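User: Hi, I'm new to this one. Could you walk me through it?

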Amino acid sequence: MPLAKSLTAMGRLATACLALAIIQGCASRPESNEPLVPTFQSQRVLNGVTTTPEGRVFVSYPQADGKGMQVAELDAQGQPYPFPDASWNTPQNWAPGTVGSGYVQVNSLRTGPDGKLWILDAGAPGMGQQAVKGGARLFRFDPQTRQLLQTYDLAAAVYPYSYIDDVRFNGRYAYLTDAGAPGLIVLDLQTGAVRRVLDNNNATTAMRQLRADGHAVLDTKGQPVRVHADQLEVSPDGQWLYFQPASGPMARIATRWLNDPAVSEKEIESRVELGWADTPSTGGTAIDAQGNLYTTDTDKHRILRISPEGKISTVIQDDRLVWGDALWIDRQGYLWIPASQLSRTPGFNGGRMEVQYPVWIYRLQIHAAPSPLDHP
């Protein structure tokens, strides 16, 4: 075959393979040297993704924006279906002091070490908006039957302008961040008891300017956006909790100081290693089985790796990673990256809506196993 025709045929084959990978969202990489694999696309902003051991994919949307659906399962073609059903995802006008069975505002979701799907309701319609009484809840669903198995009411640890942001697990305990009213929440999964720690501490409060795409992040009034305690991860051995505001830096604390309700707040504060890692503005994190942390850099469109010793290196830099959000590591060693473009939405872009659709979920092979605290 002539060289020109051979190259043309190879090009068509590569294009076909890439199209197949995008449509199916499959684990196979396209026939190219491109490390960042486009996997699913969306005509809405999505900020979270998680997979089950069977390969099912669930996503969350940070803004209901009148379209209702906040949690969806994606089929092989990327078509979203509301989870657990449409009624849970139907927009509601929350009356003061009441909350129904639907979502107020889902901000994160993940498959837990028990294999169940855990969905966190921030409890407020948006950052900086007043929390709905009884709205902040952690749900545990059976992904197979779509049945609600358990609800953890977080009301006892919620302030009027709380926005419960994310959750991680450690045996009988779960740790949650409050991005609206800076602090951490410790939840006893056996008793349901909740308590706050590190309220308004420098480690949980946004002290730096949040940046994205090379400039400061501004709200609809042109004021700097402050996202307090946001990202968090637990070391694979359960001994350390890493956490930070969205603007960094990352702190850590030994979990034994958080798990014991008899430990005083003063003692907990004294045990925080503030500025353990000098992280940039961050949209999401993950941790692997060796204790390496992965963080997105929203300002420079990077994925960073932080070793257990705190050494920071760049994994990849790509202009398509616009506000890389909540990360996820699957059993095949892929890092899932929702490029949410949150920095192009009005609340993070001076009131302007400049999202360029579609919004993509990418995968990056990092050859790392997920933490045992993240997978059954």
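This is a predicted model: local features need pLDDT of at least 70, side-chain atom pairs count only at pLDDT 80 or more; totals for chains, interfaces and linings use all residues.

User: OK, what volume does the largest pocket have?

Analyst: About 980 Å³. A pocket here is an open set of points on a 1 Å grid over the protein atoms alone, with protein on both sides within 12 Å along at least five of seven lines. Grid points are joined across faces, edges and corners, and the volume is the space filled by probe spheres set on the points.

User: And how many residues line the largest pocket?

Analyst: There are 48 lining residues, and Asn107, Met127, Tyr163, Leu342 and Phe348 lie nearest the centre. Lining residues are those with an atom within 4 Å of a point.

User: Which elements give two or more residues to that lining?

Analyst: Strands S2 (48-51), S6 (106-111), S10 (164-170) and S16 (229-234) do. S6 gives the most, with four residues. Strands are DSSP runs of E with at least two residues, numbered from the N terminus.

User: How do the residues of the lining divide?

Analyst: Into 20 nonpolar, 20 polar and eight charged. Ala, Val, Leu, Ile, Met, Phe, Trp, Tyr, Cys and Pro count as nonpolar, Asp, Glu, Lys and Arg as charged, and the others, Gly among them, as polar.

User: Now the cavities. How many are 30 Å³ or more?

Analyst: Two. A cavity is a set of grid points where a 1.4 Å probe fits but cannot get out. The largest cavity holds about 40 Å³ of space, and its lining includes Arg110, Trp328, Pro370 and His375. Strands S20 (285-287) and S24 (328-329) each give two or more residues to the lining of the largest cavity. By class, this lining has six nonpolar, two polar and two charged residues.

User: What lines the second largest cavity?

Analyst: Arg168, Phe169, Glu233, Val234, Ile287, Ser371, Leu373 and Asp374 do, around a volume of about 40 Å³. S10 and S16 give two or more residues to the lining of the second largest cavity. The classes there are four nonpolar, one polar and three charged.

User: Switching to the backbone, where are the cis peptide bonds?

Analyst: One runs from Phe83 to Pro84, with omega near -5 degrees, and Pro84 sits in the loop between strand S5 (80-82) and S6. Another joins Gly248 and Pro249, with omega about -5 degrees. Pro249 is in the loop between strand S17 (240-245) and strand S18 (250-254).

User: Why mention those at all?

Analyst: Because most peptide bonds are trans, and most residues other than glycine have a negative phi. On the phi side, Leu198 has a positive value near 55 degrees. His367 also has a positive phi, near 55 degrees.

User: Is Leu198 buried or exposed?

Analyst: Leu198 is buried, with a relative accessible area of 0%. His367, at 70%, counts as exposed. Buried means under 20% relative accessible area, exposed over 50%, and partly exposed in between, using a 1.4 Å probe and protein chains only. Leu198 is in the loop between strand S13 (194-197) and strand S14 (211-212), while His367 lies in the segment after strand S26 (359-365).

User: Last topic: how many salt bridges does the search find?

Analyst: It finds 18 in the whole structure. A salt bridge is a side-chain nitrogen of Lys or Arg within 4 Å of a carboxyl oxygen of Asp or Glu.

User: Can you pick out a few?

Analyst: Arg196 pairs with Asp178, with the closest N and O atoms 2.9 Å apart. Arg196 is in strand S13 and Asp178 in strand S11 (residues 173-178), so the bridge ties together parts that are 18 residues apart in sequence. Both Arg196 and Asp178 are buried. Asp142 forms one with Lys116, the closest N and O atoms being 3.7 Å apart.

User: What about Asp318?

Analyst: Asp318 bridges to Arg320, with the closest N and O atoms 2.9 Å apart. Asp318 is buried at 15%, whereas Arg320 is partly exposed at 31%.

Note on methods
Residues are numbered from 1 along each chain as its sequence is written. Side-chain values use heavy atoms; hydrogens and water are left out.
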